[in-house]
Amino acid sequence: MKTHTEKKTDKEKLWSLPYILLIAFGTLNSISFYMVNPTVAKYATQIGASLTLAGVIAGLFSITALVARPFSGLIADRVNRKALLVIATSGMGLAALGYSAAGSIPGFVAFRILHGLAFAVRRTVIAALAAALIPPSRLREGRGSYGL
């Protein structure tokens, strides 16, 4: 019978460089998102939206992401995940930059929808990539660490 120490050394390595980089990438991307998101309603009012419309525009992101999430899972299963992650992250960056370039409400709404779509795909793909990097014997621990 193996001792506790021997059992621990038999485990597959969880904290691989790709896993750490994926967590770091996801964290940095989330930080950038949460730096932009709180300013959306205020900026919408500055370009002419009423307070009600600014709230709708701010919420449009969540609605778009919610509707896109089931489809993003299907896409992530059929397309190269790394390429899809690059495309979705680029879409989030384009949307964030597009907010400042949008001088009208319709343009701002278009970038908000793009942001929601890209966010839904990125979150789904990065979670799938993380799951692929985690050894099966440490899946619960790895998913918990990634989620944290």
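User: In this predicted model, buried means under 20% relative accessible area. Which residues of α2 are buried?

Analyst: Helix α2, which runs over residues 17-36, has Y19, L22, I23, G26, N29, S30 and F33 as its buried residues.

User: How do you know that the span of α2 is close to the expected one?

Analyst: From its first C-alpha to its last, α2 reaches 29 Å, whereas 28 Å is expected for its 20 residues at 1.5 Å a residue.

User: Why is α2 called roughly parallel to α5?

Analyst: The axes of α2 and α5 come within 11 Å and cross at roughly 20 degrees. Because angles under 35 degrees count as roughly parallel, α2 is roughly parallel to α5. The contact is made by L22, F25, N29, F33 and V36 of α2 together with L85, T89, M92, A96 and Y99 of α5, and α2 passes α5 in a left-handed crossing.

User: What makes T64 buried?

Analyst: T64, which lies in helix α4, has a relative accessible area of 11%; the cut-off is under 20%, so T64 is buried. Leaving aside neighbours within four places in sequence, T64 is in contact with I113, G116 and L117.

Note on methods:
Residues numbered from 1 in each chain as written. Predicted model: local features only at pLDDT ≥ 70, side-chain atom pairs only at ≥ 80, totals over all residues. Heavy atoms only, no water. Helix = DSSP H or I, 4+ residues; strand = E, 2+ residues; numbered from the N terminus. Expected span 1.5 Å × (residues − 1). Buried < 20%, exposed > 50% of the residue type's maximum accessible area, 1.4 Å probe, protein only. Axes fitted to C-alpha atoms, helices over the stretch in contact; angles between N-to-C directions. Parallel < 35°, antiparallel > 145°, perpendicular 65-115°, else oblique. Left-handed = near helix turned anticlockwise from the far one by under 90°. Contact = heavy atoms within 4.5 Å.
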